[in-house]
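Subject: Structure handover

Hello,

Here is the structure I promised to pass on. Please open it first, then read the notes below.

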Amino acid sequence: MHQDQKAIQLTSKLREYLLQVSVREADNLRKLREQTANMPERDMQILPEQGQFIAMLVKILNPQRILEIGTYTGYSSLCMALALPDVRITAVDKNDEWTKIAKKYWQDAGVSNRIELIIGPALDTLKTFDDQSFDLIFIDADKRNYINYYEESIRVVNKNGVILIDNVLWRGRVIDPNHDDLGTQTIRKLNDFIGIDSRVDICMLPLGDGLTIVRKK
Ligand code: SAH
Ligand code: CA
């Protein structure tokens, strides 16, 4: 117990340190995070160190077309749009009210001409995309559909393309027998499935709430 508590404290102190020495959050991203912090659903937003990591991946991979499944107030898409001057993003979400905030911040940051927002149930929208039409996909919408999103993503991502999946550790609920709701069950099933999916190379990072990187062979 004492050991665990120490470990948790050390982890949060180390996170503070990591933020201090390494995270460079642009002003418009910081403002968006501060505004979202007043909303009850604020915890859905990726953490700044995740945003910086995803932006780094965008810079390294140089994708032409990105698909985001689950946009909320637009933080993750803004991170990706700011990472490269020419990258184009298709952002998919069903919520008008939250994505209105996203649109305002994309506009202010001068990237709104490179982000196309499609409002509606994500699975229906995904089914309209051609095979192999994206280079990078970020999955971060409703967890109960994660397996469906993964399969559609495998179809619409290019060969050598990359799929990122957020919340794969689900605040520890993946290993907590007291949690067995559909979302938790689906994340467990997806993690098990990706673990043996020979179509892809994989890497799971304990960054934020857990982030899996999948590369289609
Ligand atoms: N990537 C965002 C957070 C996404 S939160 C960020 O880092 O800020 C999850 C989002 O998924 C919410 O905005 C919610 O409206 C959306 N969502 C949930 N179920 C959905 C569905 N079935 N179809 C489309 N979007 C959905
Ligand atoms: Ca998330």
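**What was found**

Ser 76 reaches ligand 1 with its side chain: a polar atom there lies 2.8 Å from a nitrogen atom of the ligand. Keep in mind that this is a predicted model.

At Gly 70, a backbone N or O atom lies 2.9 Å from a nitrogen atom of ligand 1. At Ala 122, a polar backbone atom is 2.8 Å from a nitrogen atom of ligand 1.

How much of ligand 1 does the protein bury? Taken alone, ligand 1 exposes 580 Å². The protein buries 93% of that.

Where does ligand 1 sit? It is in the largest pocket. In total, 20 residues surround ligand 1. Gly 70, Ser 76 and Ala 122 are among the closest, and so are Asp 93 and Asp 140. By class, the shell holds 10 nonpolar residues, 6 polar ones and 4 charged ones.

Now to the strands. Strand E6 covers residues 200-205, and strand E7 covers residues 211-216. The two run antiparallel, joined by 6 bridges. One position to look up is Cys 203, which stands opposite Ile 213 in E7.

What do E6 and E7 form together? They make a hairpin, with 5 residues between the strands. Gly 208 lies in the turn and has a positive phi of about 60°.

Then go to the turn at Gly 208.

Best wishes

Note on methods:
Residues are numbered from 1 along each chain as its sequence is written. Chains are lettered from A and ligands numbered from 1 in the order in which they are written. This is a predicted model: local features need pLDDT of at least 70, side-chain atom pairs count only at pLDDT 80 or more; totals for chains, interfaces and linings use all residues. Side-chain values use heavy atoms; hydrogens and water are left out. A residue is near a molecule or strand if one of its heavy atoms lies within 4 Å of it. A polar contact is a pair of N or O atoms within 3.5 Å; within protein, one must be able to donate a hydrogen and the other to accept it, and residues adjacent in sequence count only if both atoms are side-chain atoms. Accessible areas come from the Shrake-Rupley method with a 1.4 Å probe; for residues, only the protein chains shown count as cover. On a 1 Å grid over the protein atoms alone, a cavity is a set of points where a 1.4 Å probe fits but cannot get out, and a pocket is an open set with protein on both sides within 12 Å along at least five of seven lines; lining residues have an atom within 4 Å of a point. A molecule sits in a cavity or pocket if more than half of its atoms lie within 2 Å of its grid points. Ala, Val, Leu, Ile, Met, Phe, Trp, Tyr, Cys and Pro count as nonpolar, Asp, Glu, Lys and Arg as charged, and the others, Gly among them, as polar. Two strands pair if DSSP finds at least two bridges between them. Helices (H or I, at least four residues) and strands (E, at least two) are DSSP runs, numbered from the N terminus.
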